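Me: I am new to this structure and would like to learn how to read it. Please take the features one at a time.

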Amino acid sequence: MVEAFKNSWITFKSIFIGMGITIRHFFGKSVTLQYPDERPVLPNNARAKLYVNIDDCIGCNLCARACPVNCIYIDTVPSTSDVDLGKTSTGNPKRFWLTRFDIDMAKCMYCDLCVHPCPTNCIYMVSEYEYSEFNRTNLIYHFSNLEPAMVAEVKEKAANEAAEKQRQREEMMRKKAEEAKMKQIEAKKQAEEKNDGEKGSEPSKKENGDS
Amino acid sequence: MTQYLLNINPIAILVHAAIPLTIILVYALVAIWAERKVAGFIQDRLGPMRVGGWHGWAQSIADLLKLIQKEDIIPADSSRFLFKFAPFMMFAASYAAFAVIPFSSSYIGSNINIGVFYLLAVTSVLTLSIIMAGWASNNKWSLLGGMRSAAQLVSYEVPTIATVLTVIVVTGSLNLMTITEMQSGNDILGFLPNWLIFQNPFLLVAFVIFFISILAESHRVPFDLPESESELVAGYQTEYSGMRWAMFMLAEYADMLLLSLLGATLFFGGWNSPFGEFMSGPFWSFFWFMLKGLLLVFVMMWIRWTLPRYRVDQLMYICWSILIPLSFINLVLVALWEVIF
C-alpha cells in the first residue's frame with residue numbers, strides 16, 4: 001500500500017516534470033527551415049556540386065585518376081604547332097585540346113579527392129545543391145567548350161601532324177639508316193682500297209696463322 | 001407520450017440538433033489542425049504551414065475534401081452491415097451525449113433531470129461501436145483493438161462514475177444545468193468563483209481521478225490502447241479508409257470535447273464567468289464554457305505529446321488497484337465534508 005502510494009507519487013511528479021519540458025519546447029523556437037521560401041546558408045567549403053573552370057585546365061588527367069568512383073572522363077588531343085593555347089591563370093602552359101571533360105554527378109560521392117591533386121586549382125566544389133533531374137543522363141555535366149566541328153578539326157589536325165611527324169621521323173630514320181649504310185659502304189670501300197694496297201703482305205699472315 | 005411527440009415542432013428539433021452538430025464539426029476541424037500544431041511546436045517543428053496561408057489553417061479542410069473523394073473500401077471477408085454501420089454509430093453515440101451539455105446560460109439541448117446519467121450511459125455505446133468495427137473488419141489488428149477497448153471500458157468506467165458521484169453528492173442533482181447554476185457567484189475567500197474545484201479539497205483529488213479516467217475514456221495517449229499505431233497498425237481503424245475513417249476521427253475528437261466539457265461543467269463552473277457578473281451574458285457564457293472545455297482539450301493534447309503509452313495490464317492496474325479504491329475513499333471523504341461543513 002505504502003509502496004503503491006510512493007510509486008504513484010513518483011509517477012505523478014515525473015509526469016509534471018515531463019510536461020514542464022514539453023511546454024518549454026512548445027513556446028521555444030522552431031528549428032524548421034521552410035525550404036522553398038527559406039534556404040540554409042551553406043559554408044564556403046560545402047561540397048554540393050563539382051565545377052570545372054575549363055579555361056584553366058591543362059588536361060593533365062590527375063583528377064580523373066584520383067577519382068575513386070571513376071566519374072570524371074577526360075579526352076585530350078595534343079595541340080598542333082601552329083596554334084598557341086596560351087597559359088592558365090596560374091602560369092602553366094596549355095598543351096592539350098580538351099575534347100571531352102565530363103563529370104557524372106550521379107556517380108560522384110562528393111569525396112573532394114579530385115580537388116586537391118589539380119595543379120591549376122581548376123576543379124572545385126561549389127555550393128549549388130538544387131540540380132535534381134528526371135533523367136539520370138542529365139546529371140552528366142559537360143565542361144568542355146569545344147564545338148563538335150572544332151573537335152573533329154582539331155583531331156584531324158593533330159592526326160595530320162602526328163602523321164607528318166611520324167613521316168618525318170621515318171624519313172629521318174631512313175636518312176640516318178641511309179647515311180649509316182653509306183658510311184658502311186664508304187668504310188668498306190676504303191678498307192678495300194687499303195686492302196688493294198697491301199695485298200702482298202696479307203697472304204703471308206694467313207700462312208702464319210695456318211702453321 | 002404520442003401526444004407529447006405530436007406537439008413537438010419539427011423545426012425546433014432541427015435547430016436543437018443542428019447547434020451541437022455545428023459546434024462539433026467546426027471544433028473537429030480546428031482541433032485536428034491544432035493537434036498537429038501542438039505536436040509540431042512541442043517537437044520544435046512548425047506543423048502544417050502551407051495550406052490556406054496563415055499557419056496552414058485550412059489543412060483540415062483540405063484533408064476532409066481529400067477523404068470525401070476517396071474510394072469506399074470494404075474488405076471482402078468483412079461483415080458488411082456492421083462494418084458500414086460502426087463509424088456512424090460511434091459518431092451518433094458521442095453526438096447524442098451533447099444533448100444534455102449546457103452550452104450557455106440560455107441554451108441546453110435537453111434539460112432532463114438525469115443529465116449526467118444519460119451522458120455516461122450513451123457514451124458507453126461508443127465502446128460497443130469500437131468492438132463492432134473491430135469484429136466486423138475481420139482483421140487481427142482490428143479485433144485486438146476492439147478487445148482492448150472492451151477491457152479498457154470495464155477499467156475506466158468505474159472511477160469515472162465514482163468521481164461523478166462525488167460531484168453529485170455535493171450538488172444533489174443529476175441535471176447539468178442545475179449543477180452549473182449552483183456554481184455561479186464569487187464567494188470563496190472573497191474573490192474565487194464558486195466552482196466545485198475550489199469548494200472542497202477532496203474535489204480536487206476527484207478532478208485528478210476524473211481527468212485520468214476521461215483520458216482513458218476518450219482513448220487518448222497514454223491510454224490509446226485500442227488504436228495504438230506502433231503495435232496494432234491503427235487498431236480498430238485498420239481496415240477503414242476515406243469518409244468512414246473520417247467519421248471515426250470526428251467521433252474521437254467529439255468525444256474528447258464532450259468529456260472535457262463535462263469536466264468543465266462538473267468542476268469548473270460550466271458557463272459561469274470567472275469574474276462573477278462581469279462578461280456573463282448568454283454569448284459570454286458560451287465563450288467561457290468553450291474556453292474551459294478547449295483548455296482541457298489542450299491539456300489532453302499536451303499530455304499526448306509528453307507521455308508514452310501504458311500497457312494493457314498497466315492500465316488495468318492503474319484503474320483497478322489505484323483509481324477505484326482512491327475514488328471510493330474520496331467519495332466517502334467528500335460526503336463527510338458535506339455533512340460536517
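**Helix packing, sheet and contacts**

Reply: Helix 6 (residues 140–171) of chain B packs against helix 9 (residues 201–217) of chain B at an angle of about 150°, with their axes 9 Å apart. Helices (H or I, at least four residues) and strands (E, at least two) are DSSP runs, numbered from the N terminus. Axes are lines fitted to C-alpha atoms, for helices over the stretch in contact, and angles run from 0 to 180 degrees between N-to-C directions. This is a predicted model, in which local features need pLDDT of at least 70 and side-chain atom pairs count only at pLDDT 80 or more, while totals for chains, interfaces and linings use all residues. Residues are numbered from 1 along each chain as its sequence is written, and chains are lettered from A and ligands numbered from 1 in the order in which they are written.

Me: What is the handedness of the crossing of helix 6 and helix 9 of chain B, and which residues of the two helices meet?

Reply: Two packed helices are described by the angle between their axes and the distance between the axes. The crossing of helix 6 and helix 9 of chain B is left-handed (the near helix is turned anticlockwise from the far one by less than a right angle; clockwise would be right-handed). Helix 6 of chain B brings residues including Gln152(B), Tyr156(B) and Val170(B), and helix 9 of chain B residues including Leu203(B), Phe210(B) and Glu217(B). Contact here requires C-beta atoms, placed from the backbone, within 7 Å. The residues of this contact divide into nine nonpolar, six polar and one charged. Ala, Val, Leu, Ile, Met, Phe, Trp, Tyr, Cys and Pro count as nonpolar, Asp, Glu, Lys and Arg as charged, and the others, Gly among them, as polar.

Me: At what angle do helix 4 and helix 11 of chain B pack?

Reply: Helix 4 (residues 80–97) and helix 11 (residues 242–267) of chain B pack at about 20°, their axes 8 Å apart. Helix 4 of chain B is therefore roughly parallel to helix 11 of chain B (angles under 35 degrees count as roughly parallel, over 145 as roughly antiparallel, 65 to 115 as roughly perpendicular and the rest as oblique). Their crossing is left-handed. Among the residues making the contact are Phe88(B) and Phe91(B) of helix 4 and Met247(B) and Leu258(B) of helix 11. The contact divides into 12 nonpolar, one polar and two charged residues.

Me: In what order do the three strands of the open sheet of chain A lie?

Reply: In a regular strand the side chains alternate between the two faces of the sheet. In chain A, the three strands of an open sheet have the order 2-3-5, with antiparallel pairing. Strand 2 (72–78) and strand 5 (140–142) of chain A are the edge strands, each pairing on one side only. Two strands pair if DSSP finds at least two bridges between them. Seven bridges join strand 2 of chain A to strand 3 (residues 96–104) of chain A, where Tyr73(A) has Asp102(A) as its bridge partner. Strand 3 and strand 5 of chain A pair over three bridges, and Ile103(A) is partnered by Tyr141(A).

Me: How many residues of chain A are in contact with chain B?

Reply: In chain A, 14 residues are in contact with 13 residues of chain B. The side of chain A that touches chain B has six nonpolar, eight polar and no charged residues.
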